[in-house]
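Please read the points below with the model open beside you, and follow each element as it is named.

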Amino acid sequence: MKGVVAAGHPLAAEAGARVLREGGNAIDAAVAAGLMSWVAESPLTGPGAGGFMLVHTSGGESTLFDFFVAAPGKGLPADHRRVELNPLWVEFTAGQRQRFNVGPASCGVYGTALGLAEALARFGTRPLAELAAPAARAARAGVEISPIQGYLLRILEPILRSTAECERWYAPEGRILRAGERIRLPELGDLIERLGGEGPDFMYRGDVGEAVSAWVLDHGGAITRSDLAEYQVVAREPARAAYAGRVVLTNPPPSAGGILIAYALDLLERLGRPRRLVDLVAVMERTNRERTREFTIGLHSEGYLERFLAREALERAAAELRSAGCGPSSGARGELGSTRQLGSTTQLGSTTHIAVIDGEGNAVSMTCSNGSCSGVVVPGTGVHLNNMLGEEDLSPEGVASHRPGRRVPSMMAPTVVLRAGECELALGSAGSNRIRSAILQTILAVIDEGLDAARAVERPRLHCEQGRVDAEPGLPEDELREIEARGFDVVRWPERNLYFGGVQAVGRDPTTGALVGGGDPRRGGAVALA
């Protein structure tokens, strides 16, 4: 087998697998799949989005490419009048609504095009034009809207119809497009083709960058030409955690999600096995308590990763949990579920993930996001901008609190699990705050329960936040009652739901070497073999 690809849409997974069949490596496949996701998973990702790509090569090199959204405003004139965020209400189900902040004020500096190009230049083997061509053709011909994409378009309708330019993309006949219909994005196709032929410079220092900046500034946003011209992809050393004889690589600061996963794994390692769901919930709750204002500020300080994961701090936290009755040798069990921390339990998490392992052992885990999208489509460019500055969970101090050029914090956490130096599992998830819990439980299912990637992704999940535990059906009822007895409110969902994340994972059996992938059915995920 030449490899396996897991992605949020069958077309994206197949685009990557096709590259593997034709002799490309995992990085080539991830770029091809990522470009196809711009078309098939619009408006969740695209050229106006940001993301992260974690690469682990068969030679043992590990690199995290950070091309996430940066705060705008470099060189912004003092008299520039910034508009307010445009708050819109989105209804998921009857009685369950969420406010999204969109419009020009919500738009940050995008990075996906530059990130894909730089990762390909460093680790890929195929020309960008070759990898971009299928996505460009698909954008022009149109792709059929899947049921999950149709659902997302329906609930995001207030945003997608908030501007005439965006409405022309998603409601060309005066109503939002539905599952089974085709969405055609010819301007996006032109941009992808041009990206393949010229590289990304035109989006940052050329005519498209100028058009994006001019449009956003004219409408009260803050993306300047300097923001785009000076944007850079940052290659970072991944954060590391040790668990059950594995090394877990994930997203380092200034992002938040990866080091919180590392923190939880380090605590679980200290508590020992076997364990019950109540112990997992206690670790989730203890990890949530670390998300303070000081944590958010500290993410941008030198050496914060080492301080946050310091052995002494982890030992103290583990001792607190053991004293509260957590772990296999627990005694009296005290109340746990009373803490409130930063974060929201209702964020949609409009994010996409792609995971790839090739036959040589190269692995890629890539997460990208347009936020919930801004509704700001720049005419003639094919660019639909993100709304990352409108995500309250990412900007607790306010939309203007981020220094221009600084990365906006993120929960996205592309992750690779190594066993004896080789990739055993590559995964990531959509789901806003549920990204952490979804990835954590998938890793535990593979390592502790011996499940393959496909079964681990489908396994029922729970999520703990703000004293509440949401649980999918299929979890042991006696253990859920035990969680309630510890002071948590347990909400039992009648069916599995995209609320609990959208994990895409690929794995290699350490004994047989067989490759397997898991595409999350909660978000229409798919797997393609090569």
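**Notes on a helix, a sheet and a buried leucine**

1. Helix α1, which covers residues 10-21, has 12 residues and reaches 16 Å from its first C-alpha to its last, close to the 16 Å expected at 1.5 Å a residue. Please keep in mind that this is a predicted model.

2. Within α1, the buried residues are Ala12, Ala13, Ala15, Gly16, Ala17, Val19 and Leu20. What do the buried residues of α1 pack against? Their partners are the strands β1 (3-7), β11 (351-358) and β22 (526-529), together with the helices α2 (26-40) and α4 (128-141). As background for looking at such a helix, an α-helix has 3.6 residues a turn, so residues three or four places apart point the same way.

3. In passing α2, α1 makes a right-handed crossing. On the α1 side, the contact is made by Leu11, Ala12, Ala15, Gly16, Val19 and Leu20, while α2 contributes Ala26, Asp28, Ala29, Ala32, Ala33, Met36, Ser37 and Ala40.

4. Turning to the strands, there is an open sheet of 7 strands in the order β8-β3-β2-β12-β11-β1-β22, with antiparallel pairing. Why is one side of β8 (234-236) and of β22 left without a neighbour in the sheet? These two strands stand at the edges, each with a single partner strand, so one side of each has no neighbour there. On average, neighbouring strands of this sheet are turned by 15° against each other, direction ignored.

5. At the β8 end, strand β3 (residues 62-67) runs antiparallel to β8 and is joined to it by 3 bridges, and Asp66 stands opposite Val234 in β8. Helix α3 (residues 112-123) lies across β2 (50-56), β3, β8 and β12 (363-369), and it runs at about 155° to β3.

6. Finally, please look at Leu249, which is placed in strand β10 (residues 246-250). Is Leu249 buried or exposed? Its relative accessible area is 0%, and because buried means under 20%, Leu249 is buried. Leaving aside residues up to four places away in sequence, Leu249 touches Leu54, His56, Ser62, Pro238, Ala239, Arg240, Pro414, Thr415, Val416 and Leu418. Pro379, by contrast, is 130 residues from Leu249 in sequence and 40 Å from it in space, C-alpha to C-alpha.

Note on methods. Residues numbered from 1 in each chain as written. Predicted model: local features only at pLDDT ≥ 70, side-chain atom pairs only at ≥ 80, totals over all residues. Heavy atoms only, no water. Helix = DSSP H or I, 4+ residues; strand = E, 2+ residues; numbered from the N terminus. Expected span 1.5 Å × (residues − 1). Buried < 20%, exposed > 50% of the residue type's maximum accessible area, 1.4 Å probe, protein only. Contact = heavy atoms within 4.5 Å. Pairing = 2+ DSSP bridges. Axes fitted to C-alpha atoms, helices over the stretch in contact; angles between N-to-C directions. Left-handed = near helix turned anticlockwise from the far one by under 90°.
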